[in-house]
Amino acid sequence: MHDRNCLGTTRKVVVNPAEAYLAAMTDSMPTIDETLAELVESFDLLGDWEGRIGYVIDLGRDLEPLPETDRVEANTVPGCAAQVWLTQRRQDGRLVFYADSDSALSKGNIALLLLLYSGRTPEQILAFDARAALDRLGLPQALTRQRANGLNNMVGRIREAALATSASG
């Protein structure tokens, strides 16, 4: 858990929550819509896109490094401007995602998605309209076409993991 200072306010940001306290977090964990509302508020406070992109990059700096054993071709997200690795583990009916990238912006983008998705049930993940959420943040419009496609591919991989998990029960 890291303190994030956004225009004079400090709030806790959890990226890649440790599995040891995930179960305790889930009872008090904000809903996916509450997390999105917090992100929208932060983006609105930051105002211009330079500040918003800086915030996204800062989120990426807080990601724990992905072990080399997870940096394999099977875990890469295709179509991204940079190398992005995404893996997940199931714990207590929830998916916990882990990710990394060799690009600061791509790493920030995946960190933002982990804030929304990690620690959720497959049903919660599949019920969430990621396209509308990202549009609400205005993120796709601030990115190059290739990076916006990469962001969509990251969401796609998260949804695929949720579909596979919900199908396997």
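Which residues line the largest cavity? The legends below take up this question and other close-up views.

**Figure 1. Overview of the predicted model.** This is a predicted model, in which local features need pLDDT of at least 70 and side-chain atom pairs count only at pLDDT 80 or more, while totals for chains, interfaces and linings use all residues. Residues are numbered from 1 along each chain as its sequence is written, and side-chain values use heavy atoms, with hydrogens and water left out. The protein comprises 8 helices and 4 strands, taken as DSSP runs numbered from the N terminus (helices: H or I, at least four residues; strands: E, at least two). Along the sequence, these elements follow the pattern β-β-α-α-α-β-β-α-α-α-α-α. Of the 169 residues, 50% are buried (buried: under 20% relative accessible area; exposed: over 50%; partly exposed: in between; 1.4 Å probe, protein chains only).

**Figure 2. The lining of the largest cavity.** Cys80, Ala81, Ser106, Asn109, Arg147, Gly150, Leu151 and Met154 line the largest cavity. A cavity is a set of points, on a 1 Å grid over the protein atoms alone, where a 1.4 Å probe fits but cannot get out; lining residues have an atom within 4 Å of a point. Helix H4 (104-117) and helix H8 (145-168) each give two or more residues to the lining, and H8 gives the most, with 4 residues. The lining divides into 4 nonpolar, 3 polar and 1 charged residues (nonpolar: Ala, Val, Leu, Ile, Met, Phe, Trp, Tyr, Cys and Pro; charged: Asp, Glu, Lys and Arg; polar: the others, Gly among them). The volume of the largest cavity is about 30 Å³, a volume being the space filled by probe spheres set on the points, with grid points joined across faces, edges and corners.

Figure 3. Ile32, Thr35, Leu36, Leu39, Val40, Ser42 and Phe43 are buried in H2. Viewed down the helix axis, these buried residues fall within an arc of 165°, so they line one face of H2; the arc is that of the directions from the helix axis to the C-beta atoms. Glu41 and Asp44 are exposed on the face turned away from the buried side. Glycine 47 follows H2 and has a positive phi, near 75°.

**Figure 4. The two sides of helix H6.** Ala130, Ala133, Leu134 and Leu137 are the buried residues of H6. They cover an arc of only 95° around the axis, which puts them on the same side of H6. Arg131 and Arg136 are exposed on the other side.

**Figure 5. The largest nonpolar core.** A nonpolar core is a set of buried Ala, Val, Leu, Ile, Met, Phe, Trp, Tyr and Cys residues joined through side-chain atoms within 4.5 Å. Among the 41 residues of the largest such core, Phe97, Leu112, Leu113, Tyr117, Leu137 and Leu139 touch the most other members. The elements that give two or more residues to this core include H2, strand S3 (84-91), strand S4 (94-101) and H8, while H4 gives the most, with 9 residues.

Figure 6. Leucine 86 lies in S3 and counts as buried at 2% relative accessibility. Leucine 86 and phenylalanine 97 are 11 residues apart in sequence and 7.0 Å apart in space, C-alpha to C-alpha. Aspartate 92 lies in the loop between S3 and S4 and is exposed, with a relative accessible area of 63%. The phi of aspartate 92 is near 50°, a positive value in a residue other than glycine.

Terms used. 1 Å grid on protein atoms, 1.4 Å probe; cavity = no way out; pocket = protein on both sides within 12 Å on 5 of 7 lines; lining within 4 Å.
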